[in-house]
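Please open the structure in your viewer and keep the sequence panel beside it.

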Amino acid sequence: MTTEQGSAGFEPVPHGVPLPDDPEHTEFIHPEAQGLIALIFTLLAVGFLLLLPIATRSAPMQKGWWVEPSTWPIFTLTATIIAALFQVVSWLRSGRAAGFSGDFWKRSFWAFGALGPALSYSAVFLVYLFAVGWIGFALSSFIFLQVVVWMAGLRGTAWRLKAALFVVLVVIVFRVGMDLWFPMAPLYENFFPDWFVRSIAIYL
């Protein structure tokens, strides 16, 4: 049990581990948050282990297993998985006992603190980078900026128009002004007529 400061002073908090060496620091770490982070590290470690065969190569002259590039990654990643599994099992038990309720997930996602918006924008940007190769720079940029404007809480028509005009300006500057070539997106090649591809899609 630890404490957090409320309107009436310090009040007991039934969950969490107090941060050390700071008697005035009232922030705490939920056990559910620790379990979720442990689950994420476990999944990452398993993924990295699966990638080892293509991410490393054998040492020259067969000098021994201890100098193989994959030896220490296998050791450290395996240790990470073993250590994190204890927390993961505890997290699953806690979630099962709570019926994986909304309060349980709220305490679990507390691990990310104020990083939620940053992670959301990063995820949208990764989708945007993937979309560029399939639907073209202009269309993917238009959709990306519209989504970002909406996520930022700028719901007015003026903001949506500004985002759209910005994409038009970027296309004009780079494609027309600087004559930079945009790779043709499969969307236009496969689903649009040739006249559109030759006259319009080359700029998109």
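**Before you select anything.** What you see is a predicted model, in which local features need pLDDT of at least 70 and side-chain atom pairs count only at pLDDT 80 or more, while totals for chains, interfaces and linings use all residues. Residues are numbered from 1 along each chain as its sequence is written, and side-chain values use heavy atoms, with hydrogens and water left out.

**Stop 1: helix H1.** Select residues 31–55, which form helix H1. The end C-alpha atoms of H1 are 34 Å apart, which agrees with the 36 Å that its 25 residues should span at 1.5 Å a residue, because the expected span is 1.5 Å times one less than the number of residues. Now look at Leu-49, where H1 has a kink of about 25°, shortly before the proline Pro-53; the bend is the angle between axes fitted to the seven residues ending there and the seven starting there. The buried residues of H1, among them Glu-32, Leu-36 and Leu-52, pack against helix H2 (71–97) and helix H3 (102–109).

**Stop 2: Thr-42.** Leaving aside residues up to four places away in sequence, Thr-42 touches Ile-81, Ala-84, Leu-85 and Val-88, a contact being heavy atoms within 4.5 Å.

**Stop 3: the largest pocket.** The largest pocket holds about 170 Å³ of space. On a 1 Å grid over the protein atoms alone, a pocket is an open set of points where a 1.4 Å probe fits, with protein on both sides within 12 Å along at least five of seven lines, and lining residues have an atom within 4 Å of a point. Select Ala-138, Leu-139, Val-167, Val-171 and Leu-204, which are the closest to the pocket's centre of the 11 residues that line it. Helix H5 (137–151) and helix H6 (157–177) are the elements that give two or more residues to this lining, and H6 supplies the largest share, five residues.

How values were computed
Helices (H or I, at least four residues) and strands (E, at least two) are DSSP runs, numbered from the N terminus. Grid points are joined across faces, edges and corners, and a volume is the space filled by probe spheres set on the points. Buried means under 20% relative accessible area, exposed over 50%, partly exposed in between (1.4 Å probe, protein chains only).
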